[in-house]
Amino acid sequence: MTETADPPPSSDDVRESRQRAGRAIRDLSHAFIGRHASVEQIDRLSEVLEGITAELWPQDHRSRFDAFDRERDIDYPQGRFTHDFDDRPVSGTASPYGLDLELHRVGDEIEALVTLRSAHEGAPGRSHGGVVAALFDDVFGFVLGVIKQSAFTGELTIRYHAATPLFSELACRVRFDHQDGRKIYLVGELTERSSGNLIATAKATFIAVDPEMFARLTAERPPPPDESSSPTA
Ligand SMILES: CCCCCCCCCCCC(=O)SCCNC(=O)CCNC(=O)[C@H](O)C(C)(C)COP(=O)(O)OP(=O)(O)OC[C@H]1O[C@@H](n2cnc3c(N)ncnc32)[C@H](O)[C@@H]1OP(=O)(O)O
């Protein structure tokens, strides 16, 4: 065990700090991918990042279980909403893998507004398809909150109708379709806001799990192994 930071890890100060750092890491990824840099700048970047990473590895392991448990019962209000699961990939405000979504509930539908950027580029000039799939998967997760079901993604199918543009606001809108036993069918579409063009459609089958089982399946696991000597460390 090492000394924990002061203020306590769960404080608002730490939370705000983490959100700012998450945004900075995401911005860094876009600047790094989207701009040329000199060898001197790139080496300086590596040194700073390697130094900070070496400071973090010896710290206590963080668990996402508390945030997950809290978030499970939340009621999303109509209109724009936020959530507290900051580490959640795609929609988490502190996640390095966040997409900086603006979330809205419209009736029983969820709409996420998003502008994809340099680090999301796959083939030149268009988003990587996996980013679009991750976007749908995560945004579908909020529909489970609307219909009050605990479930995991069983299948996710994306139809890519057109190139997904970068640097243009997109709307990912998803909803419950129907249910057959434990299978919950969700559908949605991704459109470009300025043109109204349809970019992708998605269908997902989520498998409902009993809340008790869900709690067991998502319960705290033993801390991960020491990663400080992993090949990339
Ligand atoms: C919220 C807070 C914030 C938290 C926010 C966190 C982010 C949320 C958004 C992202 C969501 C995710 O990424 S979730 C993570 C990615 N997905 C997973 O990890 C799921 C991995 N798979 C599993 O754990 C398991 O396969 C389950 C739990 C899905 C199902 O196992 P099971 O419970 O044993 O189910 P089983 O009896 O076999 O089958 C029950 C019925 O479902 C069907 N079925 C079973 N698996 C599948 C499948 N993959 N696709 C289609 N159908 C399936 C069966 O045919 C059967 O139909 P019938 O015979 O009854 O007709």
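Domain bounds, as used in these notes, come from an automatic or database domain assignment.

**Entry 1: domains**

I worked from a predicted model. I looked up how the protein chain is divided and found domain 1 (12-56) and domain 2 (65-216). I then noted the separation of their centres, taken over C-alpha atoms, which is 26 Å. I also looked up the contacts between the two: ten residues of domain 1 are in contact with ten residues of domain 2. On the side of domain 1 that touches domain 2, I recorded two nonpolar, five polar and three charged residues.

**Entry 2: surroundings of the ligand**

I asked which residues come nearest to the ligand. Of the 18 residues around the ligand, they are G141, F152, T153, G154 and I207. I next listed the elements that give two or more residues to this shell, namely α3 (65-71), α4 (129-147), β4 (151-160) and β7 (198-208). Strand β4 provides the largest share, with four residues. By class, I found five nonpolar, five polar and eight charged residues in the shell.

**Entry 3: helix α4**

I checked the length of α4 against expectation. Its 19 residues, at 1.5 Å a residue, should span 27 Å, and the end C-alpha atoms are 28 Å apart, so the two values agree. I looked up the buried residues of α4 and wrote down V132, L135, F136, D138, V139, F140, G141, F142, V143 and L144.

**Entry 4: a UniProt annotation**

I consulted UniProt, where an unreviewed entry lists residues 128-190 as "domain: Thioesterase". In the model, this span is 30% helix and 48% strand. The end C-alpha atoms of residues 128-190 lie 14 Å apart.

**Entry 5: residue R80**

I located R80 in strand β1 (residues 79-81). Is R80 buried or exposed? I found 11 C-beta neighbours inside 10 Å, and R80 therefore counts as exposed, the limit for that class being 12 or fewer. Leaving aside neighbours within four places in sequence, I recorded that R80 is in contact with E102, L103 and H104. Finally, I compared R80 with E111: they are 31 residues apart in sequence, and C-alpha to C-alpha they are 9.1 Å apart in space.

Technical notes
Residues are numbered from 1 along each chain as its sequence is written. This is a predicted model: local features need pLDDT of at least 70, side-chain atom pairs count only at pLDDT 80 or more; totals for chains, interfaces and linings use all residues. A residue is near a molecule or strand if its C-beta atom, placed from the backbone, lies within 6 Å of it. Ala, Val, Leu, Ile, Met, Phe, Trp, Tyr, Cys and Pro count as nonpolar, Asp, Glu, Lys and Arg as charged, and the others, Gly among them, as polar. Two residues are in contact if their C-beta atoms, placed from the backbone, lie within 7 Å. The expected span of a helix is 1.5 Å times one less than its number of residues. A residue is buried if 20 or more other C-beta atoms lie within 10 Å of its own, exposed if 12 or fewer, and partly exposed in between; C-beta atoms are placed from the backbone. UniProt positions are given in the numbering used here, feature names are shortened, and annotations may be inferred rather than shown by experiment.
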